[in-house]
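I opened my notebook and went through this chain a piece at a time. Here are the entries, in the order I made them.

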Amino acid sequence: MKKVFEQMFQLKKEGTTIRTELLAGMIGFFTVVYIIVVNSSILSEAGMSYEGVVIATIFISVVGCFIMGFWANLPLILMPGMGINALFAYSLVNTMGLSFEQALAVVVLSGIIFMVLAFTPLARKLNEAIPLVLKQAITVGLGFFLILLGLEKGGIVTRGSHSILALGKLDDPAVLATILTLFVTMILVIRKVPGGFLVSLIIGTIIGYFFGINGKVSAGALSLSPFKEVFFKLDFSGITEVAFWSGVFSLTMVVVFETVGLTYGQVRQLKHEERLPRVIQASSVTVFLSGIFGTSPTVSALESGSMIASNAKTGLASITTGVLFLCSLFLMPFLSVIPNSAVAPILVIIGMSMVQELKEMDLKNPANSFSSLLIIVIIPFAYSIADGIAAGFIAYPILHLFVKKEEKISPVMYVIAALFLAQYILQWI
């Protein structure tokens, strides 16, 4: 077995050992296992079966880690992406009016487009054509949106008439539990506790127990039957509608930008830039499979850095994480115990970490500043990720026409802006 691992993952060549890779894979799993609960919680807001999405999240994470490990041979974790799952639930379904089945069809088509880009040089060229400041604005806008979702899920803020936000009832046990758990989560992050989000979920569940807001352990043996409610539930009936293709366009843009931008930094850190094409290809295939399995698209997790920091250098670490995801199926009966007050703080903290990208944004150029801030403001205020992206991308080339010191804008940007504008015109007609 040792020789098989050596030949398959080139352990000696990479200067690592089986033990190092296995330990790093375990650490990686405990930093991302929270996604099983959080992703299922968000997608259930789109009318999907919570238990079904739990299984879909586990299965796609297993498949994603295996594809990444065997095809790219790098220690990266593919799992449903935070922010993108919010786009799926709150933009495609709750705002655009698609059913979750139609939204899954959108994911599949986005995956196909992404695969076409990934297996050609087009993905990198598209990513290079989009100004960095706009990509950063999307990250910040998604961050504010996740913060808002977390505060709402925990009851700290509520939506009244005309969707006006108001402070929740602070004497509500669920709200008090959320606030207490939020402070615990912040402390865990500040202290950089390994597997902090998993620890936060456990502590938050214990706090919820004392406030009397927990669910009950599911009775009976492990059952995969809820998976039928989300697996291969694609519905292409909306394929002739503008909203459907608007969703495909928006989702593809976000998935491609986030994947290419994030994985480029990760492979540079691993000093394997030559494997970036394979990493992107593995990501694109897993995005396609996400829609079939019944969940929002996958991305290479930021938490993959925990494996890299643990000296992982090969795909064996990813395979280890995938195996542990598969083992987590046996925890399903206990997941119903976890209250919203334990999940909400994780959304808030992840959102806050994304918002910090604002510090890196170059806003000296007023055209860049206004178009980027449109994205950042409209995403949470309009409760629509797609509309925020569209507003910024339309404004960018138009505003640059009035800047004295003109920056060179890629023709691709004009095409993208025109497509977004055409999308709105078709909706108005």
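Is Ser200 buried or exposed? I looked this up before anything else. Ser200 counts as buried because its relative accessibility is 0%; buried means under 20% relative accessible area, exposed over 50%, and partly exposed in between, with a 1.4 Å probe and protein chains only.

A note on the source before I go on. This is a predicted model, in which local features need pLDDT of at least 70 and side-chain atom pairs count only at pLDDT 80 or more, while totals for chains, interfaces and linings use all residues. Residues are numbered from 1 along each chain as its sequence is written, and side-chain values use heavy atoms, with hydrogens and water left out.

**Entry: Ser200 and its surroundings**

I found Ser200 in helix H11; helices here are DSSP runs of H or I with at least four residues, and strands are E runs of at least two, numbered from the N terminus. The side chain of Ser200 makes a polar contact with the side chain of Thr185, at 2.7 Å. A polar contact is a pair of N or O atoms within 3.5 Å; within protein, one must be able to donate a hydrogen and the other to accept it, and residues adjacent in sequence count only if both atoms are side-chain atoms. I then listed what Ser200 is in contact with (heavy atoms within 4.5 Å). With neighbours within four places in sequence left aside, the list reads Thr181, Thr185, Leu188 and Ile346.

**Entry: Thr181**

Thr181 was on that list, and I followed it up. Thr181 lies in helix H10, residues 173–190. Thr181 counts as buried, because its relative accessibility is 0%. I saw that the side chain of Thr181 reaches the backbone oxygen of Ala177 at 2.7 Å. Leaving aside neighbours within four places in sequence, Thr181 is in contact with Ser200, Gly204, Ile207, Ser341, Ala342 and Pro345.

**Entry: H11 against H17**

Next I looked at how two helices pack. Such a pair is described by the angle between the axes and the distance between them. The axes of H11 (residues 196–211) and H17 (residues 340–355) come within 8 Å and cross at roughly 145 degrees. Axes are lines fitted to C-alpha atoms, for helices over the stretch in contact, and angles run from 0 to 180 degrees between N-to-C directions.

Which residues of H11 and H17 meet? From H11 I noted Phe197, Ser200, Leu201, Gly204 and Thr205, and from H17 Ser341, Ala342, Val343, Ile346, Ile349 and Ile350. The residues of this contact divide into seven nonpolar, four polar and no charged. Here Ala, Val, Leu, Ile, Met, Phe, Trp, Tyr, Cys and Pro count as nonpolar, Asp, Glu, Lys and Arg as charged, and the others, Gly among them, as polar.

**Entry: two glycines**

Gly208 also lies in helix H11, and Gly208 counts as buried because its relative accessibility is 0%. Apart from neighbours within four places in sequence, Gly208 is in contact with Ile213, Asn214 and Pro339.

Gly52 lies in helix H5, residues 50–72. Gly52 is buried, with a relative accessible area of 0%. Gly52 and Val230 are 178 residues apart in sequence, yet 5.9 Å apart in space, C-alpha to C-alpha. Outside four places in sequence, Gly52 is in contact with Pro226, Phe227 and Val230.

**Entry: the core**

How many residues has the largest nonpolar core? I read 127, and those with the most contacts inside it are Tyr34, Met82, Phe88, Phe393 and Phe420. Helix H12 (residues 242–269) gives the largest share of this core, twelve residues. A nonpolar core is a set of buried Ala, Val, Leu, Ile, Met, Phe, Trp, Tyr and Cys residues joined through side-chain atoms within 4.5 Å. I checked Phe393 too: not counting residues up to four places away in sequence, among those it touches are Met253, Phe257, Met413 and Phe420.

**Entry: loops**

Lys404 sits in the loop between H19 (385–400) and H20 (411–428), and Lys404 is exposed, with a relative accessible area of 88%. Phe232 lies in the loop between H11 and H12. Its phi is near 55 degrees, a positive value in a residue other than glycine, and Phe232 is exposed at 54% relative accessible area.
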